[in-house]
Amino acid sequence: IFAPLVAPLLWVGDGNAAIDISLDGLTVDNITAEKPQIKLKAANNIVQIEQLAAHVFDGDINATATINLQCKVPKVNFTTTVSGLAVDKALIATSGEANLTGSLTAKFQGQTQGNNAEQLHQSLNANGKINLAKPYLTTFNIEKSYCDIAALIEKIPRKNDWPQGSHLNDVQASVRLKGKHVFIERYTTGLGNISLSGKGHIDLGKEHFDLLAISQLNGDHTSEQGCLVKSKRVRDKDIPIRCKDS
């Protein structure tokens, strides 16, 4: 978006330059950013992005970066923070549907290199922490899956009157980015008396994800509205549930 404005910095060479831009709003591909700001300084073929900020999807995005143009292939080191971003609004704007709601806070640090967006994406290496507050998964009821497994083991009738989705506890996750791959190295959450943890892999190139959820029941009821689990073969045991989809 800002490339035409930043391009003159390439002609500065060993000189010095500064750019300070503030806009009321900016809309690109149906994504509207409020109050975008960018502050840059350049000297000796090194560009310092001191601020790249905007209010988008009810949240705030801030980034800083150093772009080294002294090499044949530009190198970038960056830090990005996101606070209070509405996940459902972001998903609707980018994919047309939202199977997850919640408020996202995150911080990433990383580096990449390349002469265009594709090269920068392919060379990306970053690590970060994510917190998703008040998440609701609209398409999958995790408690139902757990109770179905318990009913199968205990050989009792299954409970049928389940809501469609899952209200989860806040999600904490450690994430690693490598190229177009997102590796969820560990996450923790839960619902009712069920604790959930696991890991996952998202392939942005193939638009596919593979998520492992390891559940453990603490007590004899999954929740007040859930199911009774009598068997010690199920209670206080790790039970894995794997989700794969596009």
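This is a predicted model: local features need pLDDT of at least 70, side-chain atom pairs count only at pLDDT 80 or more; totals for chains, interfaces and linings use all residues.
**Charges over rings**

I started with R176, which lies over the face of F183 at 4.6 Å from the ring centre. I then found K159 over the face of W162, at 5.1 Å from the ring centre. I also searched for aromatic pairs, and the count came to zero.

**Nonpolar core**

Next I looked up the largest nonpolar core, which has 45 residues. I noted Y146, L177, L196 and V229 as the residues with the most contacts inside this core. The general background is that nonpolar side chains tend to be buried together in soluble globular proteins.

I took V229 and listed what it touches, not counting residues up to four places away in sequence. The list holds Y146, A150, E154, L217, D220, T222, V234 and R235.

**S215**

Leaving aside neighbours within four places in sequence, I found S215 in contact with Y146, I194, S195, L196, K237, D238, I239 and I241. Two of these contacts, Y146 and L196, I had already written down among the residues with the most contacts inside the core.

**Salt bridges**

I searched the whole structure and got eight salt bridges. I looked into three of them, including the one between K35 and D24, where the closest N and O atoms are 3.6 Å apart. K35 lies in strand β3 (residues 31-43) and D24 in the loop between β1 (16-22) and β2 (25-28), so I recorded this pair as tying together parts that are eleven residues apart in sequence. I have K35 down as exposed, at 54% relative accessible area. D24 is exposed as well, at 67%.

I turned to K41, which forms a salt bridge with E50, the closest N and O atoms being 3.9 Å apart. K41 is partly exposed at 46% relative accessibility, and E50 is partly exposed at 43%.

Where do K144 and D148 lie? I found both in helix α4 (residues 142-154), four residues apart, which is about one turn of the helix. I logged K144 as partly exposed, with a relative accessible area of 33%. D148 has 12% relative accessibility, under the 20% limit, so I logged D148 as buried.

Note on methods
Residues are numbered from 1 along each chain as its sequence is written. Side-chain values use heavy atoms; hydrogens and water are left out. A nonpolar core is a set of buried Ala, Val, Leu, Ile, Met, Phe, Trp, Tyr and Cys residues joined through side-chain atoms within 4.5 Å. Buried means under 20% relative accessible area, exposed over 50%, partly exposed in between (1.4 Å probe, protein chains only). Contact means heavy atoms within 4.5 Å. Rings of Phe, Tyr and Trp (its six-membered ring) pair if their centres lie within 6.5 Å; planes under 30 degrees apart count as stacked, over 60 as edge-to-face and the rest as tilted. A charge sits over a ring if NZ of Lys or CZ of Arg is within 6 Å of the ring centre and within 35 degrees of the ring normal. A salt bridge is a side-chain nitrogen of Lys or Arg within 4 Å of a carboxyl oxygen of Asp or Glu. Helices (H or I, at least four residues) and strands (E, at least two) are DSSP runs, numbered from the N terminus.
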